[in-house]
Amino acid sequence: MTSDAKVHALDARKIRSDFPVLGRETQAGVPLVYLDNAATSQKPKMVIDSMTHYYEHQNANIHRGIHRLAEEATEAYEAARLRIAKFIDARSWREIIFTRNTTESINLLARSWGHANLQSGDRVLLTEMEHHSNIVPWQMLAAERGLVLEFVPLTDDGMLDLEAYRSLLERGPKLVSFTQMSNMLGTITPAKEIAEMARAAGALVAVDGAQSVPHMPVDVQDLGVDFMAFSAHKMLGPTGIGVFYGREDLLKEMPPFLGGGDMIKRVQLDGFTLNELPYKFEAGTPPIAEGIGFGAAIEYLESLGMGNVHAYEQQITEYALDRLEEIPGVRVYGPSYKDKGAVASFTMEGTHPHDVAQILDNEGIAVRAGHHCAMPAHEKYDILATTRASFYVYNTEDEVDRLVEALYKVKGLFGA
Amino acid sequence: MDDFYRELIIDRYKSPHNKGRLDPHDYSYEDDNPLCGDELRIDVRVDENEVVTEASFEGQGCAISMASADLLVEHIVGKQLAEIKAMSKEDILELLGIELGPVRLKCALLSLKVLKAGIYGIEELEEELT
C-alpha cells in the first residue's frame with residue numbers, strides 16, 4: 001500500500017474521462033450527476049477492458065486446466081489476489097479470500113470462525129452504526145448459539161461513544177466487529193484505537209471495510225485488525241466479487257465455509273481433505289473475470305494514490321456539507337467533514353426522501369433515498385429515511401452545485 | 001417533474017382531504033413499507049349492502065403514497081366491496097394520472113394493498129399486486 005507522504009491534488013475532470021458512463025445524459029440535454037457512490041461506484045474503462053480482454057482472449061476455468069488459456073486465466077486471477085494483498089498490506093496472498101461481496105465475507109466469518117469459537121453466553125460487540133450486513137449474520141448466529149450481542153452506542157454527532165465502548169469491553173466480548181466508515185453517517189471510526197482496546201481486552205477484531213477501503217489508505221498491519229471485509233464494486237471494480245481478509249494463523253484454524261470443488265485436496269466417498277489457504281474457503285468456480293477486473297480497479301486506484309483520493313474527497317465533502325447546510329430546512333446527519341467520508345445523508349423539512357430523490361432524478365442527479373441498510377442508525381436519530389449523496393474521485397464541485405440547485409427546486413415545489 | 005408531481009399530487013400531499021381515523025369503523029388495516037419508511041392505515045365504514053359510506057387514511061410517507069391513499073379512500077365511497085376487490089394497479093395510476101417505474105409503483109400501490117388487506121386479508125394480495 002502506498003502511504004503518500006505527499007498529497008497530490010487530483011484532477012477530477014481528467015479522471016472523469018476514464019469513466020464511459022459519466023459521459024451520458026439521463027434524458028436529452030440532462031447530463032448524469034452520479035452521487036450514489038456509497039451504493040456502488042462507476043467503473044473506469046480499464047476495468048471494463050480487462051474483463052472483456054479475459055473473455056475475448058483467455059476465458060478458461062482456473063487452477064486445474066493444463067492448457068494455455070487456463071494458465072493465463074489462472075495467472076491473471078492470482079495476480080489480482082496478490083495486488084489486493086499488497087494494497088491492504090496483508091502479510092501473504094494466502095490471507096486474501098475471494099467472496100461475492102462484503103456481506104458474504106462477514107457471513108463467512110460468522111459461519112466459520114463463529115461456529116467454531118462461539119458458545120452460548122459468549123459476547124460479540126458491534127456498533128449502532130453498522131450496515132445490516134454486520135448485524136444480521138450475528139443475529140442469526142446468536143439465535144442459533146445463544147450469543148449475547150451488544151452495540152457500542154452513537155453520540156449525537158454521529159461518533160462512537162468510546163467511553164461506553166470501554167465499559168462494554170469489560171464484559172469480555174470474544175469479538176469486536178465494526179465498520180471503519182458508516183455508509184449512512186459517513187463517520188470514519190478510529191479503527192486503530194478501537195482495535196487496540198479490543199486486543200487489550202482479549203477480543204479479536206473484525207472490520208467492515210466496505211466504505212473505507214475504497215476511499216482511504218487502509219493498512220491491516222498498521223490498524224492491527226484480525227479480519228477485514230470489502231467489496232470490489234464500491235471501489236471502481238465489478239459486482240460479484242469481494243474480499244475476506246484474515247490473519248493466516250486464524251484462517252488455518254477455521255473450518256471451511258462452503259463445500260465443493262477447489263476447496264478440497266482430495267475427496268473419497270467417506271470424507272475429504274481440505275485444500276490449503278486461501279482455496280479452503282473458495283468452493284466452486286469463482287468469478288474469474290470479476291477477479292481480474294478487481295485487480296485492474298486496484299491498479300487504477302494505486303495510480304491515483306489512496307492518500308490523494310482521501311484528500312480530494314475530504315475537500316469535496318467539506319464543500320458539499322457547507323452548501324447543503326445553507327439550504328433552509330436541510331439537516332445533514334453525522335460528524336463534520338474532518339471525521340467523515342464522502343457521504344452526506346440529509347433530510348429536508350416537509351419532503352419525503354423519495355420525493356427528493358425523484359425530483360433530483362429529473363435533473364439527472366442520482367442519489368439514494370431510504371434507510372441505506374442502516375435502520376438502527378436511522379432509528380437512533382428518530383428518522384424514517386434520509387436522502388444520501390455520496391461522492392468519489394470523479395465528482396466535482398460543479399456537481400455539488402447542481403445538487404444544491406435541484407434541492408432548491410424541490411423546496412419550490414413542496415413549498416416547505 | 002411536471003408529470004410526476006402534478007399539482008394534484010402535491011396538493012393532496014400537502015393538504016389531504018381524507019386524513020384521519022374513523023371510529024367506529026367496519027374495516028381497518030395498517031401496513032408499512034420499511035424500505036421507504038412509509039406507514040399507512042386505512043379505515044372503512046360500509047352499510048348493510050356492503051357499500052362504502054366513509055373511508056379515511058392516516059400515515060406518513062412520500063407524496064406519491066400519501067396522495068394515492070387520499071385519492072383512493074375518496075374514490076371508493078359509494079362502491080361495493082366486490083368492486084374494490086376488482087380494482088387493479090391501473091385504477092390507482094388513473095387516479096394519480098401518472099406513469100410510474102417499478103420502485104415508485106410500490107409507493108403508489110401501498111394504499112390499495114392496505115385497503116384490500118383490511119377487507120379481504122393479506123394472503124391473496126401478495127400475488128395479485130406483484
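A residue counts as buried here if 20 or more other C-beta atoms lie within 10 Å of its own. The legends below describe a predicted model.

**Figure 1. Chain A in outline.** By the burial cut-off, 51% of the 416 residues in chain A are buried. Chain A holds 14 helices and 17 strands. Its C-alpha atoms fill a box of roughly 70 × 55 × 40 Å along the principal axes. The radius of gyration of chain A is 22 Å, which agrees with the value near 22 Å for a compact globule of 416 residues. Among contacts in chain A with a separation of 6 or more, 71% join residues 24 or more positions apart.

**Figure 2. The two domains of chain A.** Domain 1 of chain A is built from two segments, 12-31 and 305-414. Domain 2 of chain A covers 47-303. The C-alpha centres of the two domains of chain A are 28 Å apart. Across the boundary, 22 residues of domain 1 of chain A are in contact with 21 residues of domain 2 of chain A.

**Figure 3. The side of domain 1 of chain A that touches domain 2 of chain A.** Four elements of chain A each supply at least two residues to this side: helix H11 (306-325), strand E14 (343-348), helix H13 (375-380) and strand E17 (386-390). H11(A) gives the most, with five residues. By class, this side of domain 1 of chain A has ten nonpolar, seven polar and five charged residues.

**Figure 4. Close-up of Thr386(A).** Thr386(A) sits in strand E17 of chain A. It counts as buried, because 29 C-beta neighbours lie inside 10 Å and the cut-off is 20 or more. Leaving aside neighbours within four places in sequence, Thr386(A) is in contact with Met184(A), Tyr333(A), Ser345(A), Phe346(A), Thr347(A), Pro353(A) and His378(A). Ala73(A) is 313 residues away from Thr386(A) along the chain, and 43 Å separates their C-alpha atoms.

**Figure 5. Chain B in outline.** Chain B has six helices and three strands. Their order along the sequence is α-β-β-β-α-α-α-α-α. The C-alpha trace of chain B spans about 45 × 30 × 25 Å along its principal axes. A compact globule of 130 residues would have a radius of gyration near 14 Å, and the 14 Å of chain B agrees. Of the 130 residues in chain B, 41% are buried. Residues 24 or more positions apart account for 62% of the contacts in chain B with a separation of 6 or more.

**Figure 6. Helix H1 against helix H2 in chain B.** H1 (residues 7-14) and H2 (residues 63-75) of chain B pack at about 85°. Their axes are 8 Å apart. H1(B) and H2(B) are therefore roughly perpendicular, since angles of 65 to 115 degrees fall in that class. From H1(B), the contact uses Ile9(B), Ile10(B), Arg12(B) and Tyr13(B). From H2(B) come Ala63(B), Ile64(B), Met66(B), Ala67(B), Asp70(B) and Leu71(B). The contact of H1(B) with H2(B) has eight nonpolar, no polar and two charged residues.

**Figure 7. Helix H4 against helix H5 in chain B.** H4 (residues 89-96) and H5 (residues 102-120) of chain B pack at an angle of about 105°, with axes 10 Å apart. H4(B) and H5(B) are therefore roughly perpendicular to each other. On H4(B), the residues in contact are Lys89(B), Ile92(B), Leu93(B) and Leu96(B). They meet Leu105(B), Ala108(B), Leu109(B) and Leu112(B) of H5(B). Seven residues of this contact are nonpolar, none is polar and one is charged.

**Figure 8. Close-up of Tyr29(B).** Tyr29(B) lies in strand E1 (residues 27-33) of chain B. Tyr29(B) is partly exposed, with 19 other C-beta atoms within 10 Å. Beyond residues up to four places away in sequence, Tyr29(B) touches Arg41(B), Ile42(B), Val114(B), Ala117(B) and Gly118(B). Ile119(B) is 90 residues from Tyr29(B) in sequence, yet the two are 8.2 Å apart in space, C-alpha to C-alpha.

**Figure 9. Where chain B meets chain A.** Twelve residues of chain B are in contact with twelve residues of chain A. The side of chain B that touches chain A has nine nonpolar, two polar and one charged residue.

Key. Residues are numbered from 1 along each chain as its sequence is written. Chains are lettered from A and ligands numbered from 1 in the order in which they are written. This is a predicted model: local features need pLDDT of at least 70, side-chain atom pairs count only at pLDDT 80 or more; totals for chains, interfaces and linings use all residues. Two residues are in contact if their C-beta atoms, placed from the backbone, lie within 7 Å. Ala, Val, Leu, Ile, Met, Phe, Trp, Tyr, Cys and Pro count as nonpolar, Asp, Glu, Lys and Arg as charged, and the others, Gly among them, as polar. The radius of gyration is taken over C-alpha atoms; the globule rule is 2.2 Å times the number of residues to the power 0.38. A residue is buried if 20 or more other C-beta atoms lie within 10 Å of its own, exposed if 12 or fewer, and partly exposed in between; C-beta atoms are placed from the backbone. Domain bounds come from an automatic or database domain assignment. Axes are lines fitted to C-alpha atoms, for helices over the stretch in contact, and angles run from 0 to 180 degrees between N-to-C directions. Angles under 35 degrees count as roughly parallel, over 145 as roughly antiparallel, 65 to 115 as roughly perpendicular and the rest as oblique.
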